[in-house]
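Please examine the sequence and the three-dimensional structure displayed below.

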Amino acid sequence: MELIDKLKEIEASYRELEKKMADPEIVNDPHEMQQLGKKHVELTPIVDAFSEYEKVLNGIAEAKEMAEGDDEEMRELAKDELAELEARVPELEREIRILLLPKDMNDEKSVIIEIRGGAGGDEAALFSADLFRMYTRFAERQRWKTEIISMSETGIGGFKEVIFRVDGTAAFSMLKFESGVHRVQRVPETEASGRIHTSTATVAVLPEAAEVDVEIRPEDLKIDTYRSSGAGGQHVNMTDSAVRITHLPTGIVVTCQDERSQIKNRAKAMQFLRTKLYDAELQRQNAELAAERKGQVGTGDRAERIRTYNFPQNRLTDHRINLTLYKLDQILDGDLYELIRMLTEADQAEKLKALSVCACRSCAAARGAFS
C-alpha cells in the first residue's frame with residue numbers, strides 16, 4: 001500500500017495547489033501563479049494516472065463481488081471483466097512509478113550542442129555536417145530555434161567543429177542521450193574503388209546554464225577581441241568583432257565570431273562559458289556517481305562509442321540499447337522520435353530496476369534489524 005499512500009499525498013497536495021490558484025490574492029501575483037502553474041502541470045499526469053488506477057482497483061473489487069453472486073451469467077461476465085482489469089494493474093503501476101521517478105533538474109532547459117570531427121579527416125568533417133543538419137532538422141520539426149555560436153568549416157562543406165544553441169522547452173530531456181562518439185560507415189565521394197571508410201565525430205549536449213546556476217567573477221576573466229575569419233562578407237576582416245574569453249581559474253576558453261557585433265558575440269560567448277562551467281560541475285558530480293550509474297543509458301560519458309550510421313545498409317545501430325533501425329535516411333532528415341522514445345524507455349527501465357534493488361536492500365536491512 002506504500003504506492004497508494006504516496007499517491008494520496010500527491011493528490012492532496014494537488015487539490016491544495018488548485019485552491020491556492022483560485023485565491024484572488026495569488027491570482028494577482030504573476031510570479032506566484034507561474035510557480036504554482038508549473039507545479040500543477042508536473043503533478044497533473046500523476047493525479048490523472050492515480051485516478052485511473054483507483055477506478056481499476058474499484059472495478060476489481062466490484063467484479064469479485066459479482067463473481068460470488070447467484071446469477072451464473074453475471075458470474076461469467078464478472079470473471080471476464082476481472083481478468084481484464086487485473087491485467088491492467090501492473091501496466092498502470094509501472095506507468096505511475098515512471099511518473100514518480102526523480103526528475104532531472106536540467107530536463108526543461110535549452111541546450112548547447114558541440115559537434116567535432118574525429119578520426120577520418122575530411123570524411124569526419126562531412127559527417128559532422130550531416131549530424132549538424134540532423135539536429136537542426138529535428139529542431140525545425142519541434143519548432144525550436146537554433147543559432148550558431150561558432151564554427152570551423154572545411155573547404156568541402158564539412159565542419160571541423162560546430163557549436164550551436166537549441167532553444168526549446170525540454171530540449172535537454174529529448175537530446176541528452178546524444179552525447180558520445182558517433183561512427184559512420186560509407187563510401188566517400190572521393191573513393192574511386194568504392195571501399196567503405198569508417199569515420200567518427202563526437203557530440204556533446206550541454207544543458208544551458210542560467211545566470212543563477214553559475215557565478216562568474218569579472219576578475220576571473222580574460223577577454224580578447226580579434227578580427228573574424230572565414231566566409232561572411234566584407235565586415236569579417238575589417239573589425240575586431242570576434243571575442244575570446246578565458247576563464248582563468250579553470251582554463252576554459254570560449255570564442256564567438258558569428259555575429260557582426262562585438263557586443264552580441266561577447267554575450268553569446270559569456271552564455272557558452274556559463275554553460276561550460278555548469279557542465280564541468282555536472283561532469284564532476286557524474287564521475288562521483290559513476291559506479292551507481294554504470295549501465296544506465298544517460299551516463300554522459302563522451303568517450304563512449306554510442307552509435308553507428310551505416311549508409312550502404314541504410315542502418316542505424318545504437319550500441320547502448322542494442323537497437324537497430326533500417327531508416328537511416330529518415331533519421332538523418334531529423335526523424336529522431338523513435339530513437340528518442342526507445343532511449344528514454346531504456347533509461348526509465350534502468351532507473352526502475354535501480355529503485356527496485358534499493359527497495360529490496362531496504363527491506364532486507366529492516367528484516368535484519370528486527371530479527
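The coordinates belong to a predicted model. The protein contains 10 helices and 11 strands. Of its 371 residues, 39% count as buried. Among contacts between residues at least 6 apart in sequence, 62% join residues at least 24 apart. The accessible surface of the protein amounts to about 21300 Å², and carbon and sulfur atoms account for 50% of this area.

The buried residues of α1 are L3, I4, L7, I10, Y14 and L17. These residues lie on the same side of α1 because they cover an arc of only 135° around the axis. Their cover includes α3 (30-67) and α4 (72-100). On the face of α1 turned away from the buried side, the exposed residues E2, E9 and K19 are found.

Helix α4, which contributes to the cover of α1, also contains M74. M74 is partly exposed, its relative accessible area being 36%. Together with M66 and L77, M74 makes a nonpolar surface patch of about 250 Å².

Strand β9 spans residues 305-310 and includes R305. R305 has a relative accessible area of 40% and is partly exposed. When residues up to four places away in sequence are not counted, R305 touches V181, R183 and H319. R305 and H319 are 14 residues apart along the chain, and their C-alpha atoms are separated by 7.6 Å.

The discussion now turns to charged pairs. Side chains of opposite charge can pair when their charged atoms come close. A search of the whole structure finds 31 salt bridges. One of these links R165 with E147, with the closest N and O atoms 3.5 Å apart. R165 lies in strand β3 (residues 159-167) and E147 in strand β2 (residues 145-153), so this pair ties together parts that are 18 residues apart in sequence. R165 is buried, with a relative accessible area of 19%, under the cut-off of 20%. E147, at 32% relative accessibility, counts as partly exposed.

A further salt bridge is formed by K327 and E338, whose closest N and O atoms are 2.7 Å apart. K327 occupies the loop between β11 (323-325) and α9 (328-332), whereas E338 belongs to helix α10 (residues 337-370); the pair therefore ties together parts 11 residues apart in sequence. K327 counts as buried at 16% relative accessibility, while E338 is partly exposed at 28%.

Helix α10 also holds K351 and D347, which form a salt bridge with the closest N and O atoms 3.0 Å apart. Because K351 and D347 are 4 residues apart in this helix, about one helical turn separates them. K351 is partly exposed, with a relative accessible area of 26%, whereas D347 is buried, with a value of 6%. Elsewhere in the description of charged pairs, salt bridges that share partners join R133, R137, E140, R141 and D333 into one network.

Definitions and conventions: Residues are numbered from 1 along each chain as its sequence is written. This is a predicted model: local features need pLDDT of at least 70, side-chain atom pairs count only at pLDDT 80 or more; totals for chains, interfaces and linings use all residues. Side-chain values use heavy atoms; hydrogens and water are left out. Buried means under 20% relative accessible area, exposed over 50%, partly exposed in between (1.4 Å probe, protein chains only). Helices (H or I, at least four residues) and strands (E, at least two) are DSSP runs, numbered from the N terminus. The arc is that of the directions from the helix axis to the C-beta atoms. Contact means heavy atoms within 4.5 Å. Accessible areas come from the Shrake-Rupley method with a 1.4 Å probe; for residues, only the protein chains shown count as cover. Patches are made of residues with over 30% relative accessible area and no salt bridge: like charges are joined within 9 Å, nonpolar side chains (Val, Leu, Ile, Met, Phe, Trp, Tyr) within 5 Å. A salt bridge is a side-chain nitrogen of Lys or Arg within 4 Å of a carboxyl oxygen of Asp or Glu.
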